[in-house]
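User: Could you take me through one part of this model in close detail? I would like a connected account, starting from the overall picture and working down to single residues.

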Amino acid sequence: MSDLHDLEQHLRADLAATATRISPSPGAPERAIERALTPARAPRERIHVPRWLLPLTAAATVLILASATVLLIDARRTSRSGAPPGPVGTSPAPTSSTSAPTPHPTPSGQPTLPVVDGVHPASCRVADPSGFTNAFRTVGNASPTSYNLAGSPILSVTSDGDVLAGPRTTPGRLDLISPAGSVTTLYKTTDVPLELDESAMITAAQADSRWVEFAVSIGNGQLDVRRLAVFDRASGAVTAFRSLPVNSPIIILPPVLFQDAVYWTEVDSGGSGSVFRYDPATGRTDTIGSGTLLSSPTLIGGGLYWQRGGQVVTYRPGRIPAGYPLGGPKIGSPVTDGTTSVWATTVGSPPDARVELMLSRPDLKAPIAIYQTPADGFADPRAVVGPFVIWKDATSLVVLDTRTGATATPFPASGPEFTTAAVGGTVLAINEIGSKGGAQLLLAQTNTLPELRC
Amino acid sequence: VGVNEAPVAGDLSFVEFVRANYLGLFRTALLLTGGVASAEDLVQDTLVKLYPSWWRVEAADSRMAYVRRSLTNTFLTSRRRSAATELVMEMLPHAPTGRDAGDVVADRGFAMQLLTRLSQRQRAAVVMRYFHDMDDAQIADALGCRRATARSLISRGLAAMRAESNRMDNAVALPGGLT
């Protein structure tokens with residue numbers, strides 16, 4: 001017992017015995033889960049303002065937002081060109097190149113990736129992407145005097161290029177915005193019974209040629225999906241096929257529209273539950289799967305999959321992009337334009353973990369790395385349009401032209417909440433913070449996007 | 001008004017992982033911090049930090065190893081920021097009497113008390129070696145240092161424990177050759 005080996009053995013035994021003898025306080029795991037999940041959700045604490053003060057607080061909020069927005073827009077415009085330009089959409093036609101005289105180097109810490117089969121990974125940054133920016137035109141929020149704090153948050157873009165948007169208004173709305181910019185409101189939440197201080201909004205929607213499925217989230221501050229419904233584009237009728245009380249412990253995960261039916265997952269707080277299929281033509285609902293640790297149904301390559309207990313369940317097989325890690329620990333949809341697919345993966349380990357974006361095309365033998373963040377960086381792919389790949393970093397959308405390796409941030413300093421992009425048909429839709437607050441919607445025809453070149 | 005979207009697959013994976021592995025993480029944190037409340041705080045801080053990029057954890061070869069490494073880094077970082085903070089022991093201090101050094105270390109809780117006298121990196125290295133049975137390469141990887149440095153941290157940690165033990169109980173003579 002008097003040698004190092006014995007001491008080490010006793011040390012092992014003592015540490016193990018001590019650590020196993022002492023238990024955490026009751027509920028500690030749930031508190032940790034709660035605290036981790038809370039920052040990603042709506043604030044739980046609400047400030048209660050007397051009703052007689054509401055008009056004053058609303059006016060003050062508008063003034064503050066207006067001031068901040070004006071400063072933001074001024075700063076953004078100044079940073080783009082040195083002087084405030086005209087409104088987006090009225091600028092000169094896009095040029096064939098948005099090159100700047102002096103290319104910006106790749107951000108520090110970003111590794112150089114090789115050019116493979118003509119696909120150029122991110123290698124430089126365009127200093128003045130105004131040509132790309134000017135390909136977009138704004139929809140809504142155009143009034144110089146009225147403020148639209150709701151905007152048009154993109155829910156999805158149909159194959160016809162129509163944008164489904166869910167403005168955060170009261171009552172909540174589901175809008176269909178045509179490529180030309182006309183807005184048709186498909187549904188308002190006026191039929192949703194609400195308690196005092198509760199609100200209802202549309203938080204997910206997808207459409208095909210006949211049906212528009214959407215999710216209505218209801219609550220007081222923190223909104224959860226509590227109703228699923230379909231809009232019949234032929235008759236204009238709305239049918240709610242699933243409703244839950246606001247205080248129900250059941251969690252409805254985001255639904256998907258697949259081959260004329262709606263698929264969704266319902267789970268309890270432990271992740272156990274079932275996957276359902278609703279056929280709007282017949283009104284029939286079937287349970288098509290059940291188990292623990294269920295994920296949402298996910299569309300990949302024209303197929304439908306979900307995850308159960310860490311394993312991928314194939315409901316309808318699709319054409320999986322070459323190299324896509326379907327059997328990996330996480331299931332998620334790659335972004336695609338029907339030909340090119342892009343997804344994110346991780347390389348390295350902390351503290352040097354990096355996000356790497358992989359691109360796959362039918363003519364490529366293997367996926368190609370097109371961008372790698374600096375250590376601990378963030379990149380979430382949002383859309384692919386021909387040679388362009390669009391991802392979101394911490395606050396802004398970044399565009400890569402894989403023909404040249406040039407990247408651009410056409411709408412810098414947008415902010416994390418609303419910034420997103422989606423493609424449908426020949427339309428690229430982008431959300432940024434609007435000049436009047438809320439989610440500003442910008443649309444571009446994909447064939448008008450100019451080549452980026454450093 | 002903020003909209004709380006329904007949990008996605010990552011949420012469920014996170015919840016499942018925490019429920020299945022909380023106790024293991026808590027035990028590691030307990031040995032690092034020396035107290036129940038501070039251990040719970042350390043685990044919580046680590047999970048809060050990891051959750052926004054939980055997919056990275058899911059993509060790791062070993063989710064537990066990834067989280068444990070992050071927990072250690074969180075511990076090292078937080079302790080550096082509050083280096084003047086005294087560690088609070090939530091167990092009664094042990095009062096060793098003249099016994100063999102091995103018996104003293106084997107006495108439940110005394111090793112942990114000695115652990116709290118080590119530097120943060122030494123403590124982390126000793127916990128990894130003697131609680132998790134990690135080898136030099138794994139410890140070096142977790143601490144972001146070379147293998148030789150990891151070996152040195154453990155060796156010096158044991159020496160410091162020996163010295164502290166001697167200080168606490170002059171009658172005890174730990175075995176030689178530990179430095």
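Analyst: Happy to! Of the 454 residues in chain A, 47% are buried. Please keep in mind throughout that this is a predicted model. Chain A holds four helices and 30 strands, and its exposed surface comes to about 20300 Å², with 55% of that supplied by carbon and sulfur atoms. Among the contacts in chain A with a separation of 6 or more, 44% are between residues 24 or more positions apart.

Let us begin with one sheet. Four strands of chain A form an open sheet in the order E4-E5-E6-E7, and their pairing is antiparallel. Its edges are strand E4 (154-157) and strand E7 (183-188) of chain A, each of which pairs on one side only. From one strand to the next, the twist averages 20 degrees.

Now for some individual strand residues of chain A. A:Ser217 sits in strand E9 (residues 211-220) of chain A. Is A:Ser217 buried or exposed? Its relative accessibility is 0%, so A:Ser217 counts as buried, the cut-off being under 20%. A:Ile202 lies 15 residues from A:Ser217 in sequence, and their C-alpha atoms are 6.1 Å apart in space.

A:Leu428 belongs to strand E29 (residues 427-433) of chain A. A:Leu428 counts as buried because its relative accessibility is 0%. Beyond its neighbours within four places in sequence, the residues in contact with A:Leu428 include A:Phe136, A:Val385, A:Ile390, A:Val423, A:Leu442, A:Leu443 and A:Leu449. A:Ala383 is another of its contacts; this alanine is 45 residues away along the chain, with a C-alpha separation of 8.4 Å from A:Leu428.

A:Arg354 is part of strand E22 (residues 354-360) of chain A. A:Arg354 has a relative accessibility of 16%, and therefore counts as buried. The side chain of A:Arg354 reaches the backbone oxygen of A:Thr373 at 3.2 Å.

To finish, here is a helix from the other chain. In helix H8 (residues 136-143) of chain B, the buried residues are B:Asp136, B:Ile139, B:Ala140, B:Ala142 and B:Leu143. Looking down the axis of H8(B), these residues fall within an arc of 165 degrees, so they line one face of the helix. In general, an α-helix has 3.6 residues a turn, so residues three or four places apart point the same way. At the start of H8(B), a side-chain oxygen of B:Asp135 comes to within 3.2 Å of the backbone nitrogen of B:Ala137. After H8(B) comes B:Gly144, with a positive phi near 70 degrees.

Methods
Residues numbered from 1 in each chain as written. Chains lettered and ligands numbered in written order. Predicted model: local features only at pLDDT ≥ 70, side-chain atom pairs only at ≥ 80, totals over all residues. Heavy atoms only, no water. Pairing = 2+ DSSP bridges. Helix = DSSP H or I, 4+ residues; strand = E, 2+ residues; numbered from the N terminus. Axes fitted to C-alpha atoms, helices over the stretch in contact; angles between N-to-C directions. Buried < 20%, exposed > 50% of the residue type's maximum accessible area, 1.4 Å probe, protein only. Contact = heavy atoms within 4.5 Å. Areas by Shrake-Rupley, 256 points an atom, 1.4 Å probe, with all protein chains shown as cover. Arc of directions from axis to C-beta. Polar contact = N/O pair within 3.5 Å; in protein donor to acceptor, adjacent residues only side chain to side chain.
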